[in-house]
Amino acid sequence: MRIGAHVDSADPLDEATLRQADTVQFFLADPQGWKPPEPRADADRLRAAEVDVYIHAPYVINVATLNNRIRIPSRKLLIEHANAAATVGARGLVVHGGHVNKGDDLAKGFDNWRKTFAYAAESGGFATPVLIENTAGGDNACARRFDSLARLWDAVGEYGVGFCLDTCHAHAGGEDLLDIVDRVKAITGRIDLIHANDSKDGFDSGRDRHDNLGQGNIDPDLVVAVIRAAGAPVVVETPGGAEGQRADIAYLRERVSGEQHAGGRGRA
Ligand SMILES: [Zn+2]
């Protein structure tokens with residue numbers, strides 16, 4: 001079972017060591033900005049590392065929107081990130097499901113997703129597998145509620161798209177974690193990565209505030225059950241820096257696979 005954390009991008013391998021993580025996720029560029037990724041001096045080290053690497057695309061990317069001034073640069077930035085992620089040997093590029101603006105037709109948003117993959121396929125496809133992540137909020141989201149997720153997959157499924165399940169986003173987005181793996185797999189056929197996060201907010205709150213496992217609104221046993229059922233690698237995107245995340249990782253290792261590690265919280 002591979003378990004790691006979302007870490008600062010300056011020295012991800014050092015951050016992995018601090019957390020006893022065998023998987024890391026990080027940003028290749030400002031998550032709130034439109035600048036393309038810069039080449040990394042540690043690309044060879046990352047590619048050769050025992051630690052598995054995932055890249056999270058910037059939050060500004062929204063390939064679903066009908067707004068050309070967001071959608072076109074979003075598609076470009078996503079392709080640039082997939083290319084840059086390949087240089088560090090990333091196993092996946094996580095991108096949020098996106099949304100359309102109020103009053104816009106969600107069907108066009110799903111079709112914009114399809115066009116994104118169709119366009120990339122013309123030049124051989126994305127250089128890194130794209131993993132679409134479920135999101136917590138909004139009434140016009142493509143991947144918050146699973147009725148929408150099913151429509152999204154009808155549009156993009158033929159391109160072999162991956163899926164990243166975030167437990168905080170599911171809970172806050174109004175999708176019950178009980179049996180969620182079966183419900184996702186019935187739609188996507190796959191779960192490539194789990195973002196194991198607790199939620200500071202209640203079920204269906206629509207708010208996206210992560211918490212350390214067992215500290216928020218989600219029963220940590222449910223998170224463990226989701227991970228076991230999915231059998232996918234895990235990344236925690238939780239607060240508390242190296243110490244907080246190391247404790248979350250140790251907790252999951254102990255609970256998911258029965259391994260004993262120092263630094264756990266000893267939760268019953
Ligand atoms: Zn996430």
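## The barrel

Let's start with the sheet. In this predicted model, 8 strands close into a barrel, and their order is 1-2-3-4-5-6-7-10 with parallel pairing. From one strand to the next, the twist averages 25°.

Several of the pairings can be followed residue by residue. Strand 1 (residues 3-6) and strand 2 (residues 23-26) run parallel and share 3 bridges, with Gly4 having Thr23 of strand 2 as its bridge partner. Strand 1 is also joined to strand 10 (residues 234-236), again in parallel and by 3 bridges; here Ile3 stands opposite Val234.

How many residues of strand 4 (residues 92-96) are buried? The count is 5 of its 5 residues, so the strand is mostly covered, given that buried means under 20% relative accessible area. In a regular strand, side chains alternate between the two faces of the sheet. In strand 4, Gly92, Val94 and His96 point one way, while Leu93 and Val95 point the other way, and all of them are buried.

Strand 4 has a parallel partner in strand 3 (residues 52-56), to which 3 bridges join it. In that pairing, His56 stands opposite Val94. Strand 5 (residues 130-133) runs parallel to strand 4 as well, and 4 bridges link these two. Val95 has Ile132 in strand 5 as its bridge partner. Helix 5 (residues 146-156) packs on the sheet, where it touches strand 5 and strand 6 (162-166). The direction of helix 5 makes about 165° with that of strand 6.

## Helix 8 against helix 9

Now for a helix pair. Helix 8 (residues 220-230) and helix 9 (residues 241-257) have axes that come within 10 Å and cross at roughly 65°. The crossing is right-handed. On the helix 8 side, the contact is made by Pro220, Asp221, Val224, Ile227 and Arg228. Helix 9 contributes Tyr251, Leu252, Arg255 and Val256. Sorted by class, this contact has 6 nonpolar residues, 3 charged ones and no polar ones.

Ala82 lies in helix 3 (residues 68-87) and counts as buried, with 0% relative accessibility. Beyond its neighbours within four places in sequence, Ala82 is in contact with Leu93, Phe126, Ala127 and Thr128. Although Ala82 and Ala127 are 45 residues apart along the chain, their C-alpha atoms are separated by 5.3 Å.

## Ser199, a buried serine

Is Ser199 buried or exposed? Ser199 is buried, because its relative accessible area is 0% and buried means under 20%. Ser199 is found in strand 8 (residues 198-199). A polar atom of the Ser199 side chain lies 2.8 Å from the backbone oxygen of Asp201.

Which residues does Ser199 contact, leaving aside its neighbours within four places in sequence? They are Cys168, His171, Ala172, Arg209, Asp211, Gly216, Asn217 and Ile218.

## Positive phi in two loops

Gln20 has a positive phi of about 50° and is found in the loop between helix 1 (12-19) and strand 2. With a relative accessible area of 38%, Gln20 is partly exposed.

Asp179 likewise has a positive phi, near 65°. Asp179 is found in the loop between helix 6 (167-173) and helix 7 (180-188). Its relative accessible area is 53%, so Asp179 counts as exposed, the cut-off for that class being over 50%.

Key: Residues are numbered from 1 along each chain as its sequence is written. This is a predicted model: local features need pLDDT of at least 70, side-chain atom pairs count only at pLDDT 80 or more; totals for chains, interfaces and linings use all residues. Side-chain values use heavy atoms; hydrogens and water are left out. Axes are lines fitted to C-alpha atoms, for helices over the stretch in contact, and angles run from 0 to 180 degrees between N-to-C directions. A crossing is left-handed if the near helix is turned anticlockwise from the far one by less than a right angle, and right-handed if clockwise. Contact means heavy atoms within 4.5 Å. Ala, Val, Leu, Ile, Met, Phe, Trp, Tyr, Cys and Pro count as nonpolar, Asp, Glu, Lys and Arg as charged, and the others, Gly among them, as polar. Buried means under 20% relative accessible area, exposed over 50%, partly exposed in between (1.4 Å probe, protein chains only). A polar contact is a pair of N or O atoms within 3.5 Å; within protein, one must be able to donate a hydrogen and the other to accept it, and residues adjacent in sequence count only if both atoms are side-chain atoms. Two strands pair if DSSP finds at least two bridges between them.
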